[in-house]
Amino acid sequence: TSLALLLIFDLDTGFLPNHSAAAATHMAFATFGFMGVLVFGFSYVLIPMFALSRALPPRIGWVGSIFSALALASAPPALLLEITILQITALPCALTAAAAYLWQMRTAFKTRMRKRLGPAFIMIRASWALLAISLIVALATLLGAPIPSSTTLFGFLLLAGWLLTFLLSVLQRIMPFLASMHASTKDGRTPLLSELTAQRPLDIHMLCHCAALVFIATGIVTDFALLIATGAAIGLIGAIAFAIFAALVIRKI
């Protein structure tokens, strides 16, 4: 938060020696340091709960935590001072932390008792894939791979691809669950989750969200504004569908 405020004030005063480096550091801390670590931590609780799987082994979780800490500790000097060797060190640490996290999620899926997980887990799996792809794009760019608009593509895959996709997927599972804890039918029983879930808006949202990701990512790489605008319009339809789902959950309470 402090770095974000400094960046805002720097737009008027220009006191930071390297605004772009400070912005990159802020993005690293905001996405990986705050939201990323939060997603990792909640996943160890929520994914086994949704899938009815066994408790995850802590050893691999500690590996992910250690490499996450190493990546975040390397980020400020690597980005602010533009030290390439530290950047090359930080990204493999981040990839290792992501690999440990994804291995834990794979374990949860292999030991699950609930076989049918629903469409939400299609998006959850997609978000995990986009996490890995975003880090690979960042590392390839650092090593000099000729990826068009790589910085913009990395930011989009990270924010809209990984974090937003994961957030919306978890919300569509947890909102009816939380609503059922505060609702009751006329005969006093707790309603089923299926009774509080409007599936059609969620199906529309999933199709639109995934299509929007493909259109916008392709538009970024090809520098084709019409593709980006089309993706944004499709994403808007998906967002409206998700808002309808959320409104129906509240109405059914």
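Select helix α3, residues 58-80, where 23 residues reach 34 Å from the first C-alpha to the last, close to the 33 Å expected at 1.5 Å a residue (the expected span being 1.5 Å times one less than the number of residues; helices are DSSP runs of H or I with at least four residues, numbered from the N terminus). This is a predicted model, in which local features need pLDDT of at least 70 and side-chain atom pairs count only at pLDDT 80 or more, while totals for chains, interfaces and linings use all residues. Residues are numbered from 1 along each chain as its sequence is written, and side-chain values use heavy atoms, with hydrogens and water left out.

Next, centre on Ser74, where α3 bends by about 30° (the angle between axes fitted to the seven residues ending there and the seven starting there); Pro76 follows within four residues. Then colour the buried residues of α3, namely Gly61, Gly64, Ser68, Ala71, Ser74, Ala75 and Ala78 (buried means under 20% relative accessible area with a 1.4 Å probe, protein chains only), and show α2 (19-51) and α4 (84-110), which are included in what covers them. Just after α3, Glu82 takes a positive phi of about 55°.

Move on to His205 in helix α7, residues 199-222, which counts as buried because its relative accessibility is 2%. Leaving aside neighbours within four places in sequence, His205 is in contact with Met123, Leu168, Gln172, Gly238, Ala241 and Phe242 (contact means heavy atoms within 4.5 Å).

Finally, select Ile8, which lies in helix α1, residues 2-13.

Notes
Helix = DSSP H or I, 4+ residues; strand = E, 2+ residues; numbered from the N terminus. Buried < 20%, exposed > 50% of the residue type's maximum accessible area, 1.4 Å probe, protein only.
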